[in-house]
Amino acid sequence: KKAVAYLTPYMEAEKEEAGTVGQARAKVLMATVKGDVHDIGKNIVGVVLGCNNYEITDLGVMVPAEKILDTAVAEGASMIGLSGLITPSLDEMVQVGNEMTRRGLDLPLLIGGATTSRLHTALKIEPAYAGPTVWVKDASRAVGVAQKLISPDARKAYLEEVAADYETVRLRRAARPSRKRFEGLDAARANASVIDWASYAPPAPKEPGIRVERKISLAELVPYIDWTPFFQTWELAGRFPAILDDEIVGEQARGLYDDARAMLQQMVDEDWLEASAVTGLFPAVRDGDDVLVYEDAAAEEPFERLCFLRQQIEKAPGRPHLCLADFVSAEHGQDHIGLFAVTTGIGIEAHVARFEAEHDDYSVILCQALADRLAEALAERTHALIRQERWGYAADEQLDNTALIAERYRGIRPAPGYPACPDHSEKRKIFRLLDVEANVGMKLTESCAMWPAAAVSGYYFSHPESRYFVVGQLREDQIQDYADRKGVGLDEAERWLAPNLAYDPERS
């Protein structure tokens with residue numbers, strides 16, 4: 001990218017001499033949709049397309065549909081690329097498609113991001129847009145897709161092939177009987193985890209209440225880094241450290257790792273990023289599938305209700321239908337729950353801007369990816385301190401980083417938006433209870449994405465039997481019950497839990 005920037009004046013002079021000034025191959029408008037702050041994958045796609053002579057306009061993150069479409073029209077874009085990471089972004093992409101139809105646009109709409117899929121694109125996004133819609137699986141496919149879309153010879157046949165494929169997906173989905181059988185909510189609750197609370201005394205925290213840590217040393221976090229997801233960001237498959245010697249990607253992985261370690265050392269030596277954490281340990285009582293949180297042991301009334309979901313897919317005999325609330329005692333004054341929010345993203349904008357000014361997109365993406373890894377490392381480090389010192393239920397724990405990555409510790413730290421608790425909107429309660437914005441400067445978007453993007457938030461459960469699991473698909477009876485417990489309408493609950501619905505709300 002830097003070489004292209006250096007050569008541009010010379011290439012423009014050649015174009016002027018040949019009379020071809022302004023004839024770029026095609027214009028691609030890219031944006032992370034409203035409410036979402038993640039753009040590493042989008043940035044990679046932009047670099048790949050840019051190096052293949054596409055003219056890229058990147059509107060950044062949290063971009064509303066109106067701005068995306070107004071800019072696309074004003075700049076004469078050849079196609080629009082939408083990106084998103086969190087599940088609410090899927091709904092926003094549908095809204096962009098609806099608005100494009102309303103405006104009578106016919107630009108190809110490219111869909112990408114970790115939560116997107118061929119199935120969702122076929123079922124939800126493509127039917128919303130009268131023009132062509134294409135799901136792009138990963139950055140390596142972007143150039144091939146774009147080339148077909150701008151080719152006078154290939155475009156028509158390619159779009160007909162994609163449309164036919166999506167129609168096949170829809171027909172198969174409609175005709176296929178569900179292979180999964182579901183329990184009613186009452187039956188699932190009757191098969192909850194059976195925990196012998198009579199013979200277990202939940203430990204009282206040594207440091208109850210809220211604790212804030214600001215400007216944590218980045219050097220302290222480095223030993224906690226899990227490098228495997230770092231390579232996955234760059235679409236290099238394999239586990240660390242074996243990936244460094246992989247026959248196919250080993251050479252690229254080693255070069256990338258060397259560059260990452262060099263930049264990481266700069267981050268540490270020059271304090272590029274501010275690492276901050278806020279945690280809270282509160283008295284808690286299970287109330288059905290919810291957990292009531294109390295400000296202190298003397299409080300008679302809870303000051304928050306944390307709402308959780310229970311598995312409903314039919315289980316083999318002896319296997320319970322799990323819910324996170326099962327891991328908290330129902331006896332008042334006996335148990336606690338932990339909450340946390342951490343970030344290593346404050347201060348990153350200045351460095352990203354500096355690299356962008358130097359046309360150094362590689363360093364932009366490297367910096368963002370390292371900030372994400374440091375945020376996860378901070379979550380790991382803070383959880384270890386909770387277990388060993390602040391809550392103290394595992395004071396004698398001695399685990400190396402390999403064991404921590406393998407989750408061999410006691411207790412769990414699930415996060416809203418992930419498989420055991422897929423509703424992102426529950427983050428709002430964590431942010432209120434911990435006063436996250438005031439304490440560490442983190443914010444939530446309207447779609448409950450965290451800003452800065454290098455951030456993690458969630459819960460701490462201490463019970464030895466607590467474990468991670470996947471809630472999976474849910475029946476309407478539980479979604480209605482969940483909406484009632486949260487005090488929201490059924491439509492809103494369905495919107496936040498769309499990927500988990502075992503039914504089609506439009507047909508119910």
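Modeller: Buried means under 20% relative accessible area, exposed means over 50%, and partly exposed lies in between (1.4 Å probe, protein chains only). This is a predicted model, where local features need pLDDT of at least 70, side-chain atom pairs count only at pLDDT 80 or more, and totals for chains, interfaces and linings use all residues. Residues are numbered from 1 along each chain as its sequence is written, and side-chain values use heavy atoms, with hydrogens and water left out.

Colleague: Why does Tyr460 count as buried?

Modeller: Its relative accessibility is 1%. The limit is under 20%, so Tyr460 is buried.

Colleague: What makes Phe340 and Tyr460 an aromatic pair?

Modeller: Rings of Phe, Tyr and Trp (its six-membered ring) pair if their centres lie within 6.5 Å. A search of the whole structure gives 17 aromatic pairs. In this one, the centres of Phe340 and Tyr460 are 4.9 Å apart.

Colleague: Why is the pair of Phe340 and Tyr460 called stacked?

Modeller: Planes under 30 degrees apart count as stacked, over 60 as edge-to-face and the rest as tilted. Here the angle between the planes is 20°, so the pair is stacked. Phe340 is buried too, at 1%.

Colleague: Which strands hold Phe340 and Tyr460?

Modeller: Helices (H or I, at least four residues) and strands (E, at least two) are DSSP runs, numbered from the N terminus. Phe340 is in strand S10 (residues 335-346) and Tyr460 in strand S13 (residues 455-460). They are 120 residues apart, and the pair links distant parts of the chain.

Colleague: What makes Arg354 a charge over the ring of Phe355?

Modeller: The rule asks for NZ of Lys or CZ of Arg within 6 Å of the ring centre and within 35 degrees of the ring normal. The charged end of Arg354 is 4.6 Å from the centre of the Phe355 ring. Arg354 also lies over the face of Trp272, at 5.2 Å from the ring centre.

Colleague: How do you know that S7 and S8 pair?

Modeller: Two strands pair if DSSP finds at least two bridges between them. Strand S7 (residues 274-287) and S8 have four, in the antiparallel sense. S7 and S8 form a hairpin with two residues between them. In the turn, Gly288 has a positive phi of about 65°.

Colleague: Which way do the side chains of S8 point?

Modeller: In a regular strand the side chains alternate between the two faces of the sheet. In S8 (residues 290-293), Asp290 and Leu292 point one way, Val291 and Val293 the other, and all are buried. S8 also pairs with strand S9 (residues 304-307), antiparallel over four bridges. There, Val291 has Leu306 as its bridge partner.

Colleague: Why is the contact of Asp290 and Arg305 called a salt bridge?

Modeller: A salt bridge is a side-chain nitrogen of Lys or Arg within 4 Å of a carboxyl oxygen of Asp or Glu. Asp290 and Arg305 meet at 2.9 Å, N to O, so they qualify. Asp290 lies in S8 and Arg305 in S9, so the pair ties together parts 15 residues apart in sequence. Asp290 is buried at 1%, whereas Arg305 is partly exposed at 27%.

Colleague: How many salt bridges does the rule give?

Modeller: The count comes to 30. Among them is Glu220 with Arg381, at 2.9 Å. Glu220 is partly exposed at 35%, and Arg381 is buried at 4%.
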